[in-house]
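Dear colleague,

I am handing over the structure below, and after it I set out what was found in it. Please read the notes with the model open beside them.

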Amino acid sequence: MFRRNLWKIAFSLIILSWAASNLLPIQDQDFAVYVRSHAGAKQAEFGKLVDEAVALKKSGAVPSEYVALKQIGRDRHIDLTQYFPDIQLEAKLTNIEKRNNILLTELLGRSKSRLQLGLDLKGGVAFTLEVDPKAAAKFSNDERKEKLSKAIEIIGARINSFGISEPIIRPVGEGRIEVQLAGVNTKDNPDVVENVKKPARLDFRIVHPTLTPATVPAGEVPPGYEILTLEQDGPRGENYSEDLFVKRIPEMGGEAISDSHVQLDMYGKPEVALNFTKEGRKRFAEVTREIAEGGRQAGRLGRLAIVLDGKLYSAPTVKEEIDSPAAQISGGSMTEREAFNLANVLNNPLDLPLIVKEQYEVGPSLAQDAVDSGVRASVIGTALVAAFMITFYTTGGIVAVFTLAINILVILGVMAFYRATMTLPGLAGIVLTIGMAVDANILIYERMREELALGKPLGVANQTGYLKALWTILDAHAVQLIICAIMILKGTGPIKGFGVTLLIGVLSTLFSVLITAHMVLEMLIEAQWLKKITMRRMLKDLHVDFIKYGKPAAIGSVALVVISIAYVVYQGPRIYGIDFAGGDLVSLSFKQKLETGSITSAAKSVGLAEVNPTYVAPIGGGTETLNIETPEGKADVLITALQKQYPAAGFEVVGKNHIGASIGKEIEWNALVAVGLSMAVILLYIAFRFEFGFGVGAMASTFHDVLMNIGIFVLFGHQFSAPMVAAILCVVGYSINETVVVFDRIREELKLNPTGHLRDIINSAINKVFARTIMTATTTFLAALSLFVFGGGVLRDISFAFLVGIVTSTFSAIFIAAQVFYWWHKGDRKHVEAHQDVAPKYEWTGASKASQ
């Protein structure tokens, strides 16, 4: 037994250890304390340097110990890596300043928690970027708006490549962009603003074939050229530079590049590889041919300058025409981090240069009582699911709860590995994932219940139930994985982020249930520690003619969808919250600081359901102000209410601005594309794995659930926000999961009952899975209900959408998906069998060592 499960034990321990290690440290540690305690050599000597850094910070000479140590190392030419022999740097990197920067950045990252709290829970930093007025003057007003919108998308792609960082990026006023980042400190990481605002203007220019600044009188520059400096590292780490005359007008620009990535050159140093477009390759060949010919005429090799944002990165020699699909940007002084940053901005170039106008710290957008209620609701939801499973499945339920603990650990560990940001809606998503994750356990246990009812021993029932449920679980999760892939590939921002998070949850569930939980249960049974599993019923065996009630149920459901969607159309733009529609941003000075919860309460008293208050303070010192986001045109109403209800606070208006949507049109469109492609993929996958009629039924039920969810959500007075997009996409995954379970049982019944009528087959299948469907719906419903009852604000919106989604998905799997399949085949099983060539056939077996 132990030997047979050895690989499962080892694999589980490796995954769990890796996940747990990613979560350490759990909280951010003071940088000075951390580096002092982790120095591996010459601790006393390094401790004195840390003391100097702390003193510099206290005196106000530097913003942080991190910056102070950088400065000390640079000024005194001290290689700080000597104090940390366990951190291996590239041996060929000899420049001390570069080595120190890499070391301190690594230490700063290690001192921080990998799983950072979001803007709603902890706050963060923010900065306002303004389009350079000189550059903007070249464009019309419409062109400026278009380029500003494009800049927002590009900045989002630079700082949120996986979609799980949860930044806020939106237009403010006419020509400004506000960026809010969680888990970032500009005192420690001042480069973050610089990396965001870089235009990434790439130029390929010609170097003068014969003249250099060293060969002409000082101050003389050939017409059409300018002096640029190429900085490189010497063999012993020293910096040296070379001045060149570089043509002002580029021969080609960044539009010739299709994409870029980091690779290592022949000496193991990082470089940025550039892949040309078809037109770019042709133009590059023409330019290099011209340089090669000019070099032959001058009697020396010509050179091509690669210039980014006015900085000369490299100037390689050109011997002959280069007709190549790619080129490289390299330089002796380029570190791996700089190469990745460079590739990132080249893939997302800005059309307009941006200027930093303001930098400030922002407080958490949620009041402490809202955070506490959200955490409390999450704990209650988890406890309810655990209690439900233990009540109905006893020992099996305990194993399922153990599985949930593993699932949560793996999800958090993977999110920490990717340095995701944990927000309150994200926490709610994990709770809902817990509710859905037990579905795989329930599928196995319900199959075990059937086997035990046939009189089979517990070991045999465990193995047979596992095998019979296996393909159902794999099919349901495979469809969800495909949906995740579509969201990641086609989505941006929160859509892509949700796809990544759901992908983690799906894979974690498969691992924890199919490998770890099954291993634990099998070992308990074979060791004779578990001789009986008591399984209580929630419902007795049913004998309902679901096909009989299918038509009236479908008609009533479609009628409700039509009414709900008609109301959505009637409401128009009013269905959108600030995330989608934008609003007003008012800045207030104050004499007495109020809790943000008091501000939201005042807003609700005057009919404003959505306001986002945050306290902001300029970095480097200054007066703290209160910023409040309100729906458009409602700022004055809120200000009046605050001044009336809290006169002692002394609120005065400092400024007012219009803010644009943080969810742009592209994200909206990508969400629609993701849902549309998901529908098509569902049809194709289920048609391939089952049969085309099954695919039509699955697509119809999913479409029904999306429309029903949107309609009822708006009908009950809720507005759409960024988390709501994720909630609806989550309903899509849940819906298809429920449908696949029903379809898998119909397919099995068709094989087990070769002479039965299609109507009887479908009714029999639904009756057999009905209890499982209700059990799964109940666990997920309990998790969502706790968030709705005990949570508040955005948690209530998310949980309400999911409560509706659970009900509609359960209903549609039985009364939409199965009915459409029946109608598609006109109630004739021969019509199904005529298309069975596309469906694989399985033979379920229950033999195992446990039964011998």
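Before turning to the helix pairs, a word on terms: an axis here is a line fitted to C-alpha atoms, taken for helices over the stretch in contact, and the angle between two axes runs from 0 to 180 degrees between their N-to-C directions. Two packed helices are described by the angle between their axes and the distance between the axes. Please also keep in mind throughout that this is a predicted model.

With that in place, helix H1 and helix H11, the latter spanning residues 368-417, pack with their axes 8 Å apart and at an angle of about 55°. The crossing of H1 past H11 is left-handed. On the H1 side the residues that meet H11 are Ile 15, Leu 16, Trp 18, Ala 19, Ala 20 and Asn 22, and on the H11 side their partners are Ile 406, Leu 409, Val 410, Gly 413, Val 414, Ala 416 and Phe 417.

A second pair is formed by helix H20 (residues 692-715) and helix H23 (residues 794-824), whose axes come within 7 Å and cross at roughly 150°. That angle makes H20 roughly antiparallel to H23, since the label applies to angles over 145 degrees. In this case the crossing of H20 and H23 is right-handed.

As for the chain as a whole, it has 24 helices and 20 strands, and buried residues make up 52% of its 852 residues. The chain exposes about 38,100 Å², of which carbon and sulfur atoms supply 59%.

On confidence, the mean pLDDT of the chain is 82, and 88% of its residues reach 70 or more. Over residues 837-852, however, pLDDT stays under 50, although the model has 33 contacts beyond four places in sequence for that stretch. Where pLDDT is low, the predicted coordinates should not be read in detail.

Some backbone details may interest you. Most residues other than glycine have a negative phi, and most peptide bonds are trans. Against that background, the peptide bond from Leu 24 to Pro 25 is cis, with omega near -5°, and Pro 25 is found in the loop between helix H1 (6-22) and helix H2 (31-38). His 77, which is not a glycine, has a positive phi of about 60°; it lies in the loop between helix H4 (65-76) and helix H5 (96-111). With a relative accessible area of 60%, His 77 is exposed. Lys 826, likewise not a glycine, has a positive phi of about 55°, and its place is in the loop between H23 and helix H24 (829-833). Lys 826 also counts as exposed, at 72% relative accessibility.

Val 172 lies in strand E3, residues 168-172, and is buried, with a relative accessible area of 9%. Leaving aside neighbours within four places in sequence, Val 172 is in contact with Glu 178, Asn 657, His 658 and Ile 659. Val 172 and Gly 583 are 411 residues apart in sequence, yet 9.8 Å apart in space from C-alpha to C-alpha.

Asn 737 lies in helix H21, which covers residues 722-752. At 6% relative accessibility Asn 737 counts as buried, the cut-off for that word being under 20%. Not counting residues up to four places away in sequence, Asn 737 touches Asp 439, Ala 476 and Gln 480.

Thr 623 has its place in the loop between strand E18 (612-618) and strand E19 (625-630), and with a relative accessible area of 62% it is exposed. Leaving aside its neighbours within four places in sequence, Thr 623 is in contact with Val 616 and Pro 618. Between Thr 623 and Phe 590, which are 33 residues apart in sequence, the C-alpha to C-alpha distance is 9.8 Å.

Technical notes: Residues numbered from 1 in each chain as written. Predicted model: local features only at pLDDT ≥ 70, side-chain atom pairs only at ≥ 80, totals over all residues. Heavy atoms only, no water. Helix = DSSP H or I, 4+ residues; strand = E, 2+ residues; numbered from the N terminus. Buried < 20%, exposed > 50% of the residue type's maximum accessible area, 1.4 Å probe, protein only. Areas by Shrake-Rupley, 256 points an atom, 1.4 Å probe, with all protein chains shown as cover. pLDDT = per-residue confidence, 0-100. Contact = heavy atoms within 4.5 Å. Parallel < 35°, antiparallel > 145°, perpendicular 65-115°, else oblique. Left-handed = near helix turned anticlockwise from the far one by under 90°.
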